[in-house]
Amino acid sequence: MKITGMNIEKVQIPLKEPFKVAFTTVSYLESVLIQVSTDNGCIGFGEAAPFAPVTGETVDGVIAVLELFKTGLLGMDPMDIEAVHAMMDGVIVGNGAAKCAVDLAMYDLMGKSMGLPVYKLLGGYSNVVHNDITIGISSPQSMAAEAKRLVETEGYHILKIKAGINYKDDILAMKLIREAVGPDIRLRADANQGYSVSDAVCALEGFKEYGIEAVEQCLPHWDMEGSAFIRSKVNGIQIMLDESIHGPMDAARACRLGAADILNIKLMKCGGLYPASKINAVAEANGVTCMVGCMLETKLAITAGLSLVAAKKNVTEADCDSFLYYKENPIEGGFTQERDIFTLLDEPGFGVYFNM
């Protein structure tokens with residue numbers, strides 16, 4: 001099987017309502033979808049969902065990089081995933097979202113050629129994922145009302161709560177949310193790099209009273225030493241790193257410093273499923289668990305992320321919910337959803353198709 005071509009398409013999808021985190025507010029998804037064709041008539045789908053504050057990429061930049069990759073991919077075998085990544089890394093450093101699009105297309109092609117779903121190619125631990133749902137930043141009272149709705153109406157048992165602008169407001173939000181949903185709902189917070197070290201310590205000490213089990217990315221992405229310090233000062237709550245972890249070497253540094261209990265793997269940061277599996281292997285070897293998160297992605301990349309969660313025993317958490325915020329979804333298939341339980345389809349590749 002040899003690669004013969006690649007089509008590239010930009011899509012923009014409005015959100016149902018603007019979504020606010022510590023450092024920005026977003027109102028629509030901009031993504032790049034690709035179709036990689038082969039000489040045996042098989043087509044693999046991939047996606048790049050760049051987010052400039054995290055990946056350093058824009059949609060137009062991703063398209064330019066994919067045009068560079070297109071030439072290098074011609075004649076390559078999608079099964080040679082190490083060679084594909086070596087080619088991309090030789091063309092340009094970083095650019096995780098662009099590389100992710102190619103990586104996902106390769107896995108989709110591999111699965112289709114072997115007649116297997118991707119989660120089985122990656123490890124096949126399970127096909128069922130217990131997913132969380134995210135609550136954006138607004139007034140503490142509004143966040144509590146939304147938490148109550150998500151639990152009572154939508155059936156979610158794990159809530160991820162955005163924070164990081166004002167730690168006192170964040171503590172109040174956690175208090176009101178816990179009162180609204182009761183003691184049995186799992187809560188974790190995400191500061192999106194918004195705290196200083198001192199504010200993070202104050203926030204986490206306040207969060208503990210309300211049973212917050214983990215706090216994600218308290219500090220700027222570069223400050224792993226600060227994360228290790230916070231982890232040494234606050235007991236009873238897990239520290240997670242997200243924006244700090246772009247590849248296996250970042251994972252190794254975080255483990256070496258004792259900076260995290262959990263690593264949040266995002267395919268757009270690291271360049272796809274192949275490097276994501278390496279991050280998980282580094283974490284597992286150091287007694288650190290992983291979560292798979294997402295950017296604003298269609299069901300194509302969400303299916304890929306869920307496939308990694310399902311495949312690996314050490315990936316214990318899933319934060320793959322962004323497709324739920326769109327007014328429309330151009331990708332269908334991949335998995336079924338029953339409240340907060342997502343079940344991957346046993347179809348070759350990712351089992352997705354374009355509804356465009």
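1. Ala228 lies in helix α9, where helices (DSSP runs of H or I, at least four residues) and strands (runs of E, at least two) are numbered from the N terminus. Ala228 is buried, with a relative accessible area of 16%; buried means under 20% relative accessible area, exposed over 50%, and partly exposed in between, with a 1.4 Å probe and protein chains only. Leaving aside neighbours within four places in sequence, Ala228 is in contact with Leu257, Gly258 and Ala259, contact meaning heavy atoms within 4.5 Å. The C-alpha atoms of Ala228 and Ile34, which are 194 residues apart along the chain, are separated by 39 Å.

2. A word on the basis of these remarks: this is a predicted model, in which local features need pLDDT of at least 70 and side-chain atom pairs count only at pLDDT 80 or more, while totals for chains, interfaces and linings use all residues. Residues are numbered from 1 along each chain as its sequence is written, and side-chain values use heavy atoms, with hydrogens and water left out.

3. On the chain as a whole, the protein has 13 helices and 16 strands. Its radius of gyration is 20 Å, close to the 21 Å that the globule rule gives for 356 residues, so the chain is as compact as a globular protein of that length; the radius is taken over C-alpha atoms, and the rule is 2.2 Å times the number of residues to the power 0.38. Along the principal axes, the C-alpha trace spans about 60 × 40 × 35 Å. Of the 356 residues, 57% count as buried, and among contacts between residues at least 6 apart in sequence, 74% join residues at least 24 apart.

4. The chain has 30 positive and 45 negative side chains, and the centres of the two sets lie 3 Å apart. Lys and Arg count as positive and Asp and Glu as negative, with His and the chain ends not counted, and each charge is placed at NZ of Lys, CZ of Arg, CG of Asp or CD of Glu.

5. Helix α4, residues 96-114, has 19 residues and reaches 26 Å from its first C-alpha to its last, close to the 27 Å expected at 1.5 Å a residue, the expected span being 1.5 Å times one less than the number of residues. This helix is mostly covered, since 16 of its 19 residues are buried. Just after α4, Gly115 takes a positive phi of about 70°.

6. Helix α7, residues 167-181, has 15 residues and reaches 21 Å between its first and last C-alpha, close to the 21 Å expected. Its buried residues are Asp170, Ile171, Ala173, Met174, Leu176, Ile177, Arg178 and Val181. An α-helix has 3.6 residues a turn, so residues three or four places apart point the same way. What covers the buried residues of α7 includes helices α6 (140-152) and α8 (197-208), together with strands β6 (158-162), β7 (186-190) and β8 (212-216).

7. Two loop residues other than glycine deserve a look for their backbone angles. Gln217, in the loop between β8 and α9 (224-233), has a positive phi near 45°, and at 1% relative accessibility this residue counts as buried. Arg339, in the loop between β14 (335-338) and β15 (341-344), has a positive phi near 55°, and at 45% relative accessibility Arg339 counts as partly exposed.

8. Thr289 is placed in strand β11, residues 289-292, and is partly exposed, with a relative accessible area of 24%; setting aside residues up to four places away in sequence, Thr289 touches Asp261, Ile262, Leu263, Asn314 and Thr316. Thr316 is found in strand β12, residues 315-318, counts as partly exposed at 42% relative accessibility, and, with the sequence neighbours up to four places away again not counted, touches Thr289 and Cys290. Thr316 and Val292, 24 residues apart in sequence, are 8.6 Å apart in space, C-alpha to C-alpha, whereas the C-alpha atoms of Thr289 and Gly351, 62 residues apart along the chain, are separated by 28 Å.

9. Finally, Ala252 is found in helix α10, residues 248-257, and counts as partly exposed at 27% relative accessibility. Ala252 and Val282 are 30 residues apart in sequence and 6.3 Å apart in space, C-alpha to C-alpha.
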